[in-house]
Amino acid sequence: MRNFLLIYPTQITEAPMTLAMLGAVLKQEGFCVQTCVNTFDRPLCVEDFVNKAVEVNAEYVGISMLTFQVLFVYEIVRALKEKGFKVILGGPHPTDCPEEGIKAEADIVVLGEGEETLREIVQGKPLREVLGIVTKDFFNARRQRLDVNALPQPDISVFDQNLFMHDGFIKGYHRIYTSRGCPGHCTFCDWKVFGQKISEYDIK
């Protein structure tokens with residue numbers, strides 16, 4: 001069994017459903033998907049993430065990255081690389097600053113939506129042909145926005161549900177996602193991951 005570890009390094013109180021969306025695609029490609037999520041109840045350090053990657057014998061480690069913990073994340077990346085893991089960065093900050101992630105020793109930076117990009121990477125497609133990635137050797141063009149209705153349902157089994165249990169209620173599983181993207185131009189918001197075109201889910 002091939003193993004893929006998905007990391008959410010920013011402290012959070014509820015399940016990050018972005019990892020469940022990516023995990024569903026990776027499971028379609030035959031991977032056993034594990035997650036390592038930093039929570040306020042159980043805060044993690046760099047060593048905890050590395051130990052998890054070692055424990056699951058991860059073929060790839062994917063990190064969903066925001067800006068305000070950038071230095072912490074790059075510590076994780078370097079520590080993982082010291083152990084020989086293949087590291088893929090994605091999320092708002094890497095989409096904005098991909099070269100920075102490569103300088104921090106990540107193998108691949110994913111631009112924008114990650115589901116189909118990750119799928120092609122793990123399928124073994126030549127990286128120069130995978131749209132929406134940056135490596136130390138090349139900077140590929142962004143791929144077109146995804147048809148969100150062609151994606152599998154988020155797979156919440158990738159999480160340790162005990163991490164998000166509060167008073168008998170699992171936080172984060174109650175959200176309903178109806179679209180991706182926003183037409184706004186707010187200066188305080190990073191809209192480059194999904195762009196300013198709205199993609200709606202068919203809700204039946």
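Phe-164 is buried, because its relative accessible area is 0%. This value comes from a predicted model. Phe-159 has 7% relative accessibility and therefore also counts as buried, the cut-off for that word being under 20%. The rings of Phe-159 and Phe-164 form an edge-to-face pair, since their planes stand at 85° with the centres 5.8 Å apart.

**Aromatic rings**

- A pair of aromatic rings is described by two quantities, the distance of the centres and the angle of the planes.
- Five aromatic pairs turn up when the whole structure is searched.
- Phe-49 and Phe-72 have ring centres 6.1 Å apart and planes at 65°, and because an angle over 60 degrees counts as edge-to-face, this pair is edge-to-face.
- Phe-49 belongs to helix H2 (residues 46-56) and Phe-72 to helix H3 (residues 70-82), so the pair links distant parts of the chain, 23 residues apart.
- Both Phe-49 and Phe-72 are buried.
- One aromatic cluster is made up of Phe-4, Phe-31 and Tyr-60.

**Nonpolar cores**

- In soluble globular proteins, nonpolar side chains tend to be buried together.
- The largest nonpolar core here contains 29 residues.
- Leu-5, Ile-7, Val-61, Ile-63, Leu-80 and Leu-89 are the residues with the most contacts inside this core.
- At least two residues of the core come from each of E1, H2, E3, H3 and E4.
- H3 supplies the largest share of the core, with eight residues.
- Leaving out residues up to four places away in sequence, Val-61 touches Phe-4, Leu-5, Ile-7, Ala-53, Leu-80, Phe-85, Lys-86, Val-87 and Ile-88.
- Another core, of 28 residues, lies apart from the largest one, and its members include Leu-22, Val-37, Leu-118 and Ile-121.

**The largest pocket**

- The volume of the largest pocket is about 950 Å³.
- Its lining consists of 41 residues, and those nearest the centre of the pocket are Thr-18, Ser-64, Pro-92, Val-193 and Phe-194.
- Two or more lining residues come from each of strand E1 (2-12), helix H1 (17-28), strand E3 (60-64), strand E4 (86-90), helix H6 (115-122) and strand E9 (179-180).
- Helix H1 gives the most to the lining, namely five residues.
- By residue type, the lining of the pocket divides into 24 nonpolar, 11 polar and six charged residues.

Key:
Residues numbered from 1 in each chain as written. Predicted model: local features only at pLDDT ≥ 70, side-chain atom pairs only at ≥ 80, totals over all residues. Heavy atoms only, no water. 1 Å grid on protein atoms, 1.4 Å probe; cavity = no way out; pocket = protein on both sides within 12 Å on 5 of 7 lines; lining within 4 Å. Points joined across faces, edges and corners; volume = space filled by probe spheres on them. Helix = DSSP H or I, 4+ residues; strand = E, 2+ residues; numbered from the N terminus. Nonpolar A, V, L, I, M, F, W, Y, C, P; charged D, E, K, R; others polar. Phe/Tyr/Trp six-rings, centres within 6.5 Å; stacked < 30°, edge-to-face > 60°. Buried < 20%, exposed > 50% of the residue type's maximum accessible area, 1.4 Å probe, protein only. Core = buried A, V, L, I, M, F, W, Y, C linked by side-chain atoms within 4.5 Å. Contact = heavy atoms within 4.5 Å.
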